[in-house]
Amino acid sequence: MNFNQGVNIIMLEQLRHEVLQRNLELPSNNLVVWSGGNVSGRDPETGYVVIKPSGVPFNELTEDSLVVTDIDGTVVEGTLKPSVDLGIHLHLYRRRPDVFGITHTHQPYATSFALRGEAIPAALTPLTHLIGGPVPCTRYATPGDEDTAVAILEATGRQGWVALARRHGVFAMGRSASESLMYTLYLEEAAKTIRLAQIAGPITSIDEREAQRQLHWHEEHYGQNVQ
Ligand SMILES: O=C(CO)[C@@H](O)[C@H](O)COP(=O)(O)O
């Protein structure tokens, strides 16, 4: 075994661990039930993608049950059939070199907007800090079909991270599997708060320039990895 192979194996082990943990956080955060939804991650060195197997309930998932494929969908490791949404994940990875993790959920509050074909308005922090504008809703695409990825990219443009798939759920991209999950969690919190506020009456969005100002402020000041 040469050194490079050793590094790759360690990196994929780390990625497997991260992808398993993020998948397990889908049902524990009420973003999906049973075996719905999925998380994947892309290894920056090999370009391989680690994804959940199809139809396996989350309480039966293990690191060994995850499937590793190349960017064309050829299985390079794993004995189970990959997620039915693999083609959507791979299409997004091919078109977005900055994306290294994808989370797909059926989270109820955000999906209530997707069902109505409505964007989630940029109405409050922390969503505005993270997204800096409304979360768009795609045109209809058949669930599971790669066309869903085409519709997502139409809605997000080249830089957006999150879209509502019409009559389906949420797809979030990130610089890692963990970051993509984070977007879905903050999105669900915001969607729930907006739905609760809407019971009392209509709500308004934050002004576009102020939402962008919040996004940039957050990038410059929030967390430990800033000056
Ligand atoms: O919404 C869909 C079907 O498009 C999926 O999210 C399924 O709910 C989960 O599929 P697997 O990842 O288990 O194949």
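A: Start at Ser40, which stands opposite Ile51 in β2. Keep in mind that this is a predicted model. Next along, Gly41 has Val50 of β2 as its bridge partner. In total, 3 bridges join β1, residues 38-42, to β2, and the two strands run antiparallel.

Now turn to the hairpin that links these two strands. The hairpin of β1 and β2 has 6 residues between the strands. Within the hairpin, Gly47 takes a positive phi near 80°.

β1 also pairs with β5. That pairing is antiparallel too, and it runs over 4 bridges.

Look at which way the residues of β1 point. Asn38, Ser40 and Arg42 point one way. Val39 and Gly41 point the other way. In a regular strand the side chains alternate between the two faces of the sheet. Both groups in β1 are buried. The strand is mostly covered, with 5 of its 5 residues buried.

Next comes the nonpolar interior. In soluble globular proteins, nonpolar side chains tend to be buried together. The largest nonpolar core here has 35 residues. Leu92, Ile120, Val162, Leu164 and Leu187 touch the most other members. At least two residues of this core come from each of β2, α2, α3, α4 (127-131), α5 (147-156), β6, β7 and α6 (177-200). Take Val162 as a case. Leaving out residues up to four places away in sequence, Val162 touches Ile131, Val135, Pro136, Thr156, Val170, Phe171, Ala172, Tyr183 and Leu187. There is also a second, separate core of 16 residues, which includes Leu12, Leu66, Ala177 and Leu181.

The loops deserve a visit as well. Trp34 lies in the loop between α1 (3-28) and β1. Its phi is near 55°, a positive value in a residue other than glycine. Most residues other than glycine have a negative phi, and most peptide bonds are trans. Trp34 is exposed, because its relative accessible area of 63% is over the 50% cut-off. Arg167 is another residue with a positive phi, near 60°. Arg167 sits in the loop between β6 and β7. Arg167 is exposed as well, with a relative accessible area of 57%.

Pro126 lies in the loop between α3 and α4.

Return to the β2 side of the sheet for one more loop. Ser65 is found between β2 (49-51) and β3 (67-69). Ser65 is buried, because its relative accessible area of 11% is under the 20% cut-off. The side chain of Ser65 reaches the backbone oxygen of Thr62 at 2.8 Å. Leaving aside neighbours within four places in sequence, Ser65 is in contact with Pro53 and Leu80.

In an unreviewed entry, UniProt lists residues 17-195 as "domain: Class II aldolase/adducin N-terminal". That span is 36% helix and 16% strand. Its end C-alpha atoms lie 35 Å apart.

To sum up the strand: β1 joins β2 through 3 bridges and β5 through 4 bridges.

Definitions and conventions. Residues are numbered from 1 along each chain as its sequence is written. This is a predicted model: local features need pLDDT of at least 70, side-chain atom pairs count only at pLDDT 80 or more; totals for chains, interfaces and linings use all residues. Side-chain values use heavy atoms; hydrogens and water are left out. Buried means under 20% relative accessible area, exposed over 50%, partly exposed in between (1.4 Å probe, protein chains only). A polar contact is a pair of N or O atoms within 3.5 Å; within protein, one must be able to donate a hydrogen and the other to accept it, and residues adjacent in sequence count only if both atoms are side-chain atoms. Contact means heavy atoms within 4.5 Å. UniProt positions are given in the numbering used here, feature names are shortened, and annotations may be inferred rather than shown by experiment. Two strands pair if DSSP finds at least two bridges between them. A nonpolar core is a set of buried Ala, Val, Leu, Ile, Met, Phe, Trp, Tyr and Cys residues joined through side-chain atoms within 4.5 Å.
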